[in-house]
Amino acid sequence: MRRADRLFRIVEYIKARREAVTANELGKELEVGVRTIYRDIADLKASGVPLTGEAGVGYLLNPEYVVRPLLFDDEELDALALGAQMVQSWADPAMAQAARRGLDKITAVLPGTLGDHVRQSTSFAHPSNSKKPLQIDFTSLRRAIRTQHMVEFSYLDSAGAETRRQLRPLALIFLAPIWLVMGWCELRQDFRSFRVDRMRGMNVLDIKFESESGKTLDDMRKQCEGE
């Protein structure tokens with residue numbers, strides 16, 4: 001990787017994160033030593049990039065700072081094209097359309113040869129017969145997660161027993177060919193995951209939930225990791 005590209009990647013990586021990024025983390029991401037990162041950070045600061053922080057603590061970037069655009073390389077374009085196709089194959093129609101729009105926007109601003117690379121990608125993802133049919137509105141579920149609205153639904157377990165649940169939906173996880181929704185279950189008063197294909201009669205409630213200690217996505221991650 002050219003040094004200019006590495007400097008841009010450092011800025012791009014830090015800007016994409018809300019928490020301080022350590023030199024060790026940057027070194028692993030960019031496959032260089034910590035001393036190289038320290039030198040790069042010093043040079044970026046000297047050039048006017050508004051980085052804050054210090055060695056051993058980590059670095060943050062002013063969220064108002066605009067990162068100069070950089071062209072994608074061939075591997076990045078292949079990944080974007082394949083990822084968009086996978087979303088179109090496995091997600092709901094609204095997200096599939098969003099993936100197409102996003103890829104079109106990227107392709108439209110690329111120089112001719114790189115735009116052609118995306119259009120002529122040799123990596124493909126086609127719909128599978130193993131895709132599980134859903135009985136609920138998947139788009140509404142995704143949006144409920146984003147807007148922090150409670151959802152209510154009937155759920156069939158592996159034995160066919162049905163229960164009615166109210167959930168604070170926090171995340172969707174794709175384990176092909178199954179989608180899971182994870183969140184705080186009001187019935188069990190604990191984090192639970194539900195197969196979306198086993199959900200029935202889902203309603204998005206007119207109840208917004210706040211980020212309450214012990215019931216957040218970070219809390220769920222920590223519980224899953226056994227912390």
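The following legends describe close-up views of a predicted model of one protein chain.

**View 1. Overall make-up of the protein chain.** The secondary structure comprises eight helices and seven strands. Of the 227 residues, 34% are buried. Among contacts between residues at least 6 apart in sequence, 58% join residues at least 24 apart. The chain exposes about 14000 Å², and carbon and sulfur atoms supply 50% of this area.

**View 2. The aromatic pair of Phe-138 and Trp-179.** The count of aromatic pairs comes to seven. In one of them, the ring centres of Phe-138 and Trp-179 lie 5.1 Å apart; the planes meet at 55 degrees, so the pair is tilted. Phe-138 belongs to helix H7 (residues 138-147) and Trp-179 to strand S5 (residues 178-185), so the pair ties together parts that are 41 residues apart in sequence. Phe-138 counts as buried because its relative accessibility is 5%. Trp-179, with a relative accessible area of 16%, is buried as well.

**View 3. The aromatic pair of Phe-153 and Phe-194.** This pair is edge-to-face, with 5.2 Å from centre to centre and 80 degrees between the planes. Phe-153 lies in strand S3 (residues 149-156) and Phe-194 in strand S6 (residues 190-195), so parts 41 residues apart in sequence are tied together. Both Phe-153 and Phe-194 are buried.

**View 4. An aromatic cluster.** Trp-90, Phe-138, Phe-174 and Trp-179 together form one aromatic cluster.

**View 5. The second largest pocket.** This pocket holds about 270 Å³ of space. Its lining has 16 residues, with Ser-211, Thr-216, Leu-217, Asp-218 and Arg-221 nearest the centre. Strand S4 (162-175) and helix H8 (217-224) each contribute at least two lining residues. The lining consists of five nonpolar, three polar and eight charged residues.

Notes. Residues are numbered from 1 along each chain as its sequence is written. This is a predicted model: local features need pLDDT of at least 70, side-chain atom pairs count only at pLDDT 80 or more; totals for chains, interfaces and linings use all residues. Side-chain values use heavy atoms; hydrogens and water are left out. On a 1 Å grid over the protein atoms alone, a cavity is a set of points where a 1.4 Å probe fits but cannot get out, and a pocket is an open set with protein on both sides within 12 Å along at least five of seven lines; lining residues have an atom within 4 Å of a point. Grid points are joined across faces, edges and corners, and a volume is the space filled by probe spheres set on the points. Helices (H or I, at least four residues) and strands (E, at least two) are DSSP runs, numbered from the N terminus. Ala, Val, Leu, Ile, Met, Phe, Trp, Tyr, Cys and Pro count as nonpolar, Asp, Glu, Lys and Arg as charged, and the others, Gly among them, as polar. Buried means under 20% relative accessible area, exposed over 50%, partly exposed in between (1.4 Å probe, protein chains only). Contact means heavy atoms within 4.5 Å. Accessible areas come from the Shrake-Rupley method with a 1.4 Å probe; for residues, only the protein chains shown count as cover. Rings of Phe, Tyr and Trp (its six-membered ring) pair if their centres lie within 6.5 Å; planes under 30 degrees apart count as stacked, over 60 as edge-to-face and the rest as tilted.
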